[in-house]
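Here's a quick tour of a few spots worth looking at. Have the sequence and the 3D view open as you read.

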Amino acid sequence: MLKHALRFCILFSFGSLFAVYSVRAQQTDTLSLKQFLQSILAAHPALKSAALERNIADAELQSALGGFDPALRSQYELKYEGWQSTPDRINHFSVGVEMPLNTLFGPKIIAGFDRAIGSSINPEERTPLTGQGIVGVSLPLWSGVQTDRRRTNLSKAQLRPFLASANQRFEQNNLLRAAALQYWNWAEAVEQLRITENVFALAVQRAAFISVRARRGEVAPLDSVEALQEVERRRGEVFRTRRTVEQANIDASVYFWTDAGIPRALKQSPHRLPNLPTMDSLQIRADRDQAMALRPELQRLEFTQQSTSLDLSLARESQKPVVEAKTQWLYYPGSSNNDNLKVGLDFSMPLFFRTASAQAELFTISLERNRLQIAQTSRFINAEIDNTISAFQRAVERLDAAEKETAFANQMEEGERKRFLAGETSLLIVNLRERAAAEARVRMVSARADCLRAWVLYVWSIGTIAQLAE
């Protein structure tokens, strides 16, 4: 009996070493979470598409700056009036540049040259044969002093890169969250496969040992059948967990792309489940405050609020009468007296300002609605942080209980195996103990993976999930 027990121990030790060697061989080409996320950040099409938001923002800013481009205007008219007793030829040529300025009052600088000759021409427009040079400025005195449409469009366009950055980080954070959760699903499945393969290898070794003893008549043939039944049962469990690993691998592969935008196969295995990060109340309080500044959802609402505020300022400016002052200095080439000034004042206003008042009211309502959305989103963010903290803490407690359960289950398994070798228990009880120990290890792996998934959701909820790729 001692001889057979020694042989069984040798076979069991050899099988355990083989299993450990297989696990280490699988880990020679593994992929950490950091490497996994870095590959996603480098080549995923969704992130490349989100990066185009910056180009769109630059184009919109360039378009708004175009509102302050100098404008060149030129006109030439030639008219012959033969119906008069003394035929007249009217010759009018004008060229000028107008440039609006992005400053208070929004003045426009005007410079040009006019030449209008002919006896029938309007005396206001008539010039000497040498023409006249013009330098002038026009600026509003009431409506348009604080802002106008040009300056409002430019201010909104200058906010656009801020929105582009928020949209880009929104897409990135959500993608990293989904990818990190899938990575831990994948790692959990691989860990559980290792457990089922080790238990299966143990059953195969025991079945071979019992088969030898049955042929020698040392045990009943039915024990050999029972051992083979347990082998097939565990073999089926290996197939089931292997399918779970394959599915997790396929699901993780969808995040892998080449720089050329071609799907890339995921051939590595994930790292073993690592030690857990820690949380403390001071860090949680600081993270909660930081989340309000980092979450892109709030930043997008803040952009909307600032943009609407600019529209409201423009609408309120439109509720004022338009009063525009114009001043021009006229220069006549060849003339010794160039003290020539031309001033004017334009005034216009709608009688009821209904359009401007309605727009101001709509933008005021939009601001209030946006304020409520910010309050609601802030509350949702705090709730998400609370949920992830709760999930992490409960998962840690589950892991602690699972580790203790696994330690006790391992003791029961080892003790029952020794009793079986001593002939004090049956094969059925040994199988039950091994199943219970394997199930405890699976629960421990599941609890550890839940902790890591809860941590991913936590760093996502506070807006720092990109740090997992650093």
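## Threonine 30

Threonine 30 is buried, at a relative accessible area of 17% (buried is under 20%, exposed over 50%, partly exposed in between, with a 1.4 Å probe and protein chains only). You'll find threonine 30 in strand β1, residues 30-31 (strands are DSSP E runs of at least two residues, helices H or I runs of at least four, numbered from the N terminus).

The side chain of threonine 30 makes a 2.9 Å polar contact with the side chain of histidine 271. A polar contact here is a pair of N or O atoms within 3.5 Å; within protein, one must be able to donate a hydrogen and the other to accept it, and residues adjacent in sequence count only if both atoms are side-chain atoms. Leaving out residues up to four places away in sequence, threonine 30 touches Gln35, Gln268, Ser269, Pro270 and His271 (contact means heavy atoms within 4.5 Å).

## About the model

This is a predicted model: local features need pLDDT of at least 70, side-chain atom pairs count only at pLDDT 80 or more, and totals for chains, interfaces and linings use all residues. Residues are numbered from 1 along each chain as its sequence is written, and side-chain values use heavy atoms, with hydrogens and water left out.

## Helix α6

At the start of α6, a side-chain oxygen of aspartate 280 comes to within 3.2 Å of the backbone nitrogen of leucine 282. Helix α6 covers residues 281-294, and its buried residues are Ile284, Asp287 and Ala291. Their cover includes α8 (354-421) and α9 (427-461).

## Tyrosine 331

Tyrosine 331 sits in strand β7, residues 322-331, and is partly exposed at 36% relative accessible area.

Key: Expected span 1.5 Å × (residues − 1).
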